[in-house]
Amino acid sequence: PSQQQQQPLLSLAPAASAATSPVSAVGVASPVTSSDACLSIVHSLMCHRQGGPDSESFSRKAVESLVKKLKDKRDELDALILAVTSNGAQPGICVTIPRTLDGRLQVAGRKGFPHVVYARIWRWPDLHKNELRHTRQCQFAFDLKQDAVCVNPHHYERIACTGLELSSLSLDEDSGPTDDHGGIEGISPPLPPLLMPQQQSAGAAAVAKQTALPPIPQQQLLFWCSISYYEQTERIGDTFKAPYQQATVTIDGYTDPSSSHRFCLGQLSNVHRSDVAERARLHIGKGVQLSLVGDGDVWLRVLSDHAVFVSTAFLDREAGRASGDLVHKIYPGTYIKVFDIRQCYSEMRTQALQAHRASLATAAATSTSSSFTSLPAGPRLQGAAVDELRRRLCQLRLSFVKGWGPDYPRKTIREAPCWIEVQLHLPLKLLDDLLQSLPVSDS
C-alpha cells in the first residue's frame, strides 16, 4: 500500500521539472537537444522552414536525412538546432556531412548542393548557389573543397549581384538525364522573368554610350555567326552559318537538314556517339534561339524544357565577376542578353593594347641583352594572345542539359555530352582590324 501511495508522487516528478524549466518569451518550451528522438528534432527544425518552391515533403526528407547523419555527432547536431531555432543569433560551430564525389546531395531522387539545400530550407527559399559566400568562422565551407562540407545555414551569407536576374546566372544544381530512362534530376527554381532588350544593366548602358564602333561595311560580312556542334571532344557535322538577312537562328534537336534559319542537331549522326550523349540529345527538344539585335548584340531564348549552360564574358561582367571560365545556368523560358558588341569592343581595345605593350617590352628586354645596338621592329601579338582574345571576346559556348565547371563532374565543356560553339563574325572582324592597326612601337 505504501508503494501504491508513492507511485503518483513519482509520476508527478517530470511535470514539476517541466514547470520549472526555462520558457521562451512566448511561452514555448526550450528547443530540443541532440538527446531527443529524431522525430522530435525534425519536427522542431521543420517549424523554422521558410517555405518557398521546394515542397514540405522534400524539405522534411532533407532534414530527416541530415539529423540521422548527425546523430553520432551530438555537438554538431546541438549546434544546428541552436543556430536554426535562434535564427542565427547563435550560429555555433560547423555542421558537417561527408562530401560526395560530385559534391551534391541526393534527396528524394533530386540532387542539389548541400549547403544550398539547407540554406533554402531555413533562410532563403529563392536562393541560388552563386549567391552564397561563407563566413570567416566557417572552416568546412563548400568552396574550400574539403572532405566534409558545412551545411550550417548561418555559416553562409547571401551576396547581392547587380545587373541580370540571378535566376539566369545560377551556378547551382546540375540538370540532366541520370538514368537510362532520361529522368531529369535537380531542384527547379521558379521560372525567371522575361528580360527584354530594353532592360540593360546600368553598366552595360554606360559602356554602350561611351564606345563608338568603327564603320564596317555590311557587304564585308555575309554571315553574322558560325555554329559548330560537338559531342565531348569530337566535332559533328558541318559548321552552320547564319546569314545577316536571318537575324534569328534556332538550334534544336529536330531533323530538318536544309533549313536556313534552323540548325537541326537531330539529323547529325555519329558512329562513336556515347550513351550519355544519346540520352542528353533526347532532351534538347526545341533547343535555343540566338538573335542578332541592334548593331551586333546577341540575345538567347531558351525554348527547351531543360536548362542550358553558357560561357560568355558579358554574363561574367554583368554578374560582377572577372571574365574567365564561369558557367551560367539559363532556365527554360528565359530571354537574356549574352553578348554586347560595344562592351566587347571596349574590352578588346584595352586587352589588345595591354598585350601589345607587354610584347614590346619583352622584345626591348631581349634586344638590350643582345649585342645589337638597334631595336628591332616591334612584334605583333603572339598567336596565343590572339587566340585568347578570340576565345574570350568573340565566341559563345553553350551546352545542352549538362553543365560543366568547378562545381560539376565535368570540368571543361569538352567533357559535356552535347554542346555548341558560336563564332561571332562582327567582333572577329573588329579584332582583326584592331590588331592590324596596332603600332610597331610604343611611341
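**Exercise 1. How many cavities of 30 Å³ or more are there, and which residues line the largest cavity?**

Step 1. Start with the rule: on a 1 Å grid over the protein atoms alone, a cavity is a set of points where a 1.4 Å probe fits but cannot get out, and lining residues have an atom within 4 Å of a point. A volume is the space filled by probe spheres set on the points, with grid points joined across faces, edges and corners.

Step 2. Counting this way gives four cavities of 30 Å³ or more. The largest cavity holds about 100 Å³ of space.

Step 3. Its lining consists of T312, A313, F314, F339, D340, Q343, C344, E347, R392, L393, Q395 and L396.

Step 4. Now sort the lining by element, where helices (H or I, at least four residues) and strands (E, at least two) are DSSP runs numbered from the N terminus. At least two lining residues come from each of α8 (313-318), α9 (341-368), α10 (383-393) and β18 (395-400). The largest share, three residues, belongs to α9.

Step 5. Sorted by class, the lining has six nonpolar, three polar and three charged residues. Here Ala, Val, Leu, Ile, Met, Phe, Trp, Tyr, Cys and Pro count as nonpolar, Asp, Glu, Lys and Arg as charged, and the others, Gly among them, as polar.

A note before you go on: this is a predicted model, in which local features need pLDDT of at least 70 and side-chain atom pairs count only at pLDDT 80 or more, while totals for chains, interfaces and linings use all residues. Residues are numbered from 1 along each chain as its sequence is written, and side-chain values use heavy atoms, with hydrogens and water left out.

**Exercise 2. Work out the strand order of the open sheet of five strands.**

Step 1. Two strands pair if DSSP finds at least two bridges between them. Strands of a sheet pair through backbone hydrogen bonds, either parallel or antiparallel.

Step 2. Begin at β11 (residues 248-252), which pairs with β12 in the parallel sense over three bridges. Within this pair, I251 has F263 of β12 as its bridge partner.

Step 3. β11 is also joined by four bridges to β13 (residues 288-293), and these two run antiparallel. Here I251 stands opposite V288.

Step 4. Six bridges then link β13 to β14 (residues 297-302), again antiparallel, with L292 partnered by V298 in β14. β13 and β14 form a hairpin with three residues between them, and G294 in the turn has a positive phi of about 65°.

Step 5. The edge strands, β12 (262-264) and β17 (335-339), each pair on one side only.

**Exercise 3. Is C138 buried or exposed, and how many disulfides does the whole structure have?**

Step 1. Buried means under 20% relative accessible area, exposed over 50%, and partly exposed in between (1.4 Å probe, protein chains only). At 5% relative accessibility, C138 is buried.

Step 2. A disulfide is a pair of cysteine sulfur atoms within 2.5 Å. The search of the whole structure finds zero disulfides. For C138, the nearest cysteine sulfur is that of C150, 3.7 Å away.

**Exercise 4. Why is helix α5 described as largely enclosed by the rest of the structure?**

Step 1. Look along α5 (residues 114-122): nine of its nine residues are buried, so the helix is largely enclosed by the rest of the structure.

Step 2. Find some of them in the model: among them are P114, H115, R120 and W122.

How values were computed: 1 Å grid on protein atoms, 1.4 Å probe; cavity = no way out; pocket = protein on both sides within 12 Å on 5 of 7 lines; lining within 4 Å.
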